[in-house]
Amino acid sequence: MDSETLVGLLQQALGLITMLSLMPIIAATLVGVLVSLFQALTQIQEQNLAFTAKLIVIIIVLWSMGPYMSKQLFDYTIEVYNQLY
């Protein structure tokens, strides 16, 4: 296996990691902004509110996207093994 193949596999892995982590990060960001806006409008200064809301949304996103994420990781693993052997 040459270095070009390894670099290509590394680029694919980084792209896959970026794509799979994008949805939870976007969801947490949107919820954080909405909760912060709600807190600013109502003058509630409870810090646990934002943390709890983000945690719940991230769990829901990961639970709903779990099968898709698992399939993508499995397909990439099979592709790596096929290129190695």
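**Exercise 1. Identify the residues that make the nonpolar surface patch of about 630 Å².**

Solution. The model is predicted: local features need pLDDT of at least 70, side-chain atom pairs count only at pLDDT 80 or more, and totals for chains, interfaces and linings use all residues. Residues are numbered from 1 along each chain as its sequence is written, and side-chain values use heavy atoms, without hydrogens and water.

- Apply the patch rule: residues with over 30% relative accessible area and no salt bridge, nonpolar side chains (Val, Leu, Ile, Met, Phe, Trp, Tyr) being joined within 5 Å and like charges within 9 Å. Areas come from the Shrake-Rupley method with a 1.4 Å probe, and for residues only the protein chains shown count as cover.
- The members are Met1, Leu6, Tyr81, Leu84 and Tyr85.
- Tyr85 sits in the segment after α2. Tyr85 has a relative accessible area of 80%, so it is exposed (over 50%; buried is under 20%, partly exposed in between).

**Exercise 2. Find the salt bridge and place its two residues.**

Solution.

- The criterion is a side-chain nitrogen of Lys or Arg within 4 Å of a carboxyl oxygen of Asp or Glu. The count is 1 salt bridge.
- Asp75 pairs with Lys71, N to O 2.8 Å.
- Both belong to helix α2 (residues 47-84), 4 residues apart, about one turn of the helix. Helices are DSSP runs (H or I, at least four residues), numbered from the N terminus.
- An α-helix has 3.6 residues a turn, so residues three or four places apart point the same way.
- Asp75 is partly exposed, because its relative accessible area is 34%.

Conventions: Helices (H or I, at least four residues) and strands (E, at least two) are DSSP runs, numbered from the N terminus. Buried means under 20% relative accessible area, exposed over 50%, partly exposed in between (1.4 Å probe, protein chains only).
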